[in-house]
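Colleague: I would like to learn how to read the features of a model like this one. Could you take me through it?

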Amino acid sequence: MKLEELANPHIRQLSPYAPGRPIEEVERELGIKGAVKLASNENPLGPSPLALAAVHEAAASIHRYPDGGCFALRDRLARSLGVGTDQLVFGAGADEILELLVKTFIAPGDEAVMPWPSFAMYPIVVTGMGGTSIKVPLDASLGHDFEGLKAALTDRTKMVFVCNPNNPTGTSFGASALADFVAELPHETLLVIDEAYFEYVRREDFPESVKLIRERPATLVLRTFSKIYGLAGLRVGYGIGSPELVGLLERARHPFNVNSLAEAGACAALEDTDHVRDTRALNGQGIEYLTSELTALGFEVVPTDANFILVKMGPGFDQTLLKRGVIVRPMQGFGLSDHIRISIGRPEENEKLIKAVQEIVQGANPETGVS
Ligand SMILES: *Cc1c(COP(=O)(O)O)cnc(C)c1O
């Protein structure tokens, strides 16, 4: 018997998550230097220097198990969010919180409704637990189709995901759209509001989802230290929910899921408000620059509220850019084969991308840059 046949049927249906490619791997493969990675929505300024210093200091104690309760981080975050310490659950990235949620609530036969395209991990975790992922297409402007999401609810719906701003489109929705949706969502349906890009948001009417938790206990808001805080490699994210919901997730959580370096780094990153402010400012400028340059070159750019842009460039454009040392994210896996997702970089990285696009448009040779 083949090993494959021994695996659970719902696991056999899955394909592994396809991450953005590391710079070193691309440089080795193409024999080039100075490649830039604009593919994984990482902070182009790097981590906060305060976080780095805290990680160095914490490194001396890594022979100890971490604080399984994340006491320091929990206390600090609860105060700044205005919630109880029993309303936070921490994980090795928000990804782990997604898995905890699904492990806690989804059984074979249960359905989870999600917008699509959206974050690739939703169907992976749902299907991986034997649940059924119900994908509801985005609307014509690539935002959430709340009517469609409502229409997809059945008596088997356990969970609904919304992603605000949505990855990979960058589109966001406001407070009134969420309030209207919630008004028609059964109280016992779990609502997962993924706000991985919360700190980048620019729209003024962004929902105050943390307040919603008080009115609607079956709600979990997801945030992460991987994006604006620049700690993607440390793996730490969290969920904000009612004490009842968080208590259930705590039962399913492994005791030392957040490592001690991650907790120390996250605490320090929260204190570094300058780093967050500078990152936001750089991101805003990058969005303006890339949008105006790409639009001038004739490409359609989806308006974004995050730290990346979705651009319609035609199939295979990611490969053409890769040959010129610019790593972006292809979108064919999401049914958007004409689009690529570009993370906003530092000014010189954004300029490298624009220069590469200009050369491609002019039909220049990738080695010489001459047409
Ligand atoms: C990056 C991301 C996450 C989680 O990232 P972690 O690194 O696991 O914290 C969750 N949701 C969305 C939409 C993301 O883009």
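Predicted model: local features only at pLDDT ≥ 70, side-chain atom pairs only at ≥ 80, totals over all residues.

Colleague: Which domains does the assignment give?

Modeller: Domain bounds come from an automatic or database domain assignment. Here domain 1 covers 3-46 + 274-362, and domain 2 covers 49-272. Taken over C-alpha atoms, the centres of domain 1 and domain 2 are 23 Å apart. Their contact (heavy atoms within 4.5 Å) takes 32 residues from domain 1 and 33 residues from domain 2.

Colleague: What area is buried between domain 1 and domain 2?

Modeller: Buried area is the accessible area (1.4 Å probe) that two parts lose on being put together, summed over both. For domain 1 and domain 2 that is about 2,700 Å², with 62% given by carbon and sulfur atoms.

Colleague: How many salt bridges and polar contacts are counted between domain 1 and domain 2?

Modeller: A salt bridge puts a side-chain nitrogen of Lys or Arg within 4 Å of a carboxyl oxygen of Asp or Glu. Between domain 1 and domain 2 the count is 1 salt bridge. The side chains of Arg 202 and Glu 288 form a salt bridge at 3.1 Å, N to O. A polar contact is a pair of N or O atoms within 3.5 Å; within protein, one must be able to donate a hydrogen and the other to accept it, and residues adjacent in sequence count only if both atoms are side-chain atoms. Between the two domains, 13 residue pairs are in polar contact, both at pLDDT 80 or more.

Colleague: Which element gives the largest share of the side of domain 1 that touches domain 2?

Modeller: Helices (H or I, at least four residues) and strands (E, at least two) are DSSP runs, numbered from the N terminus. The largest share, 9 residues, comes from H13.

Colleague: Is Cys 70 buried or exposed?

Modeller: Buried means under 20% relative accessible area, exposed over 50%, and partly exposed in between (1.4 Å probe, protein chains only). Cys 70 is buried, at 3%. Though not a glycine, Cys 70 has a positive phi of about 50°. Leu 142 has a positive phi too, near 65°, and is buried at 16% relative accessibility.

Colleague: And what does the side chain of Thr 304 reach?

Modeller: Thr 304 sits in the loop between strand E9 (300-301) and E10. Its side chain reaches the backbone nitrogen of Ala 306 at 3.0 Å and the backbone oxygen of Phe 308 at 2.7 Å. Beyond neighbours within four places in sequence, Thr 304 is in contact with Gly 170, Arg 202, Ile 287 and Ile 309.

Terms used: Residues numbered from 1 in each chain as written. Heavy atoms only, no water.
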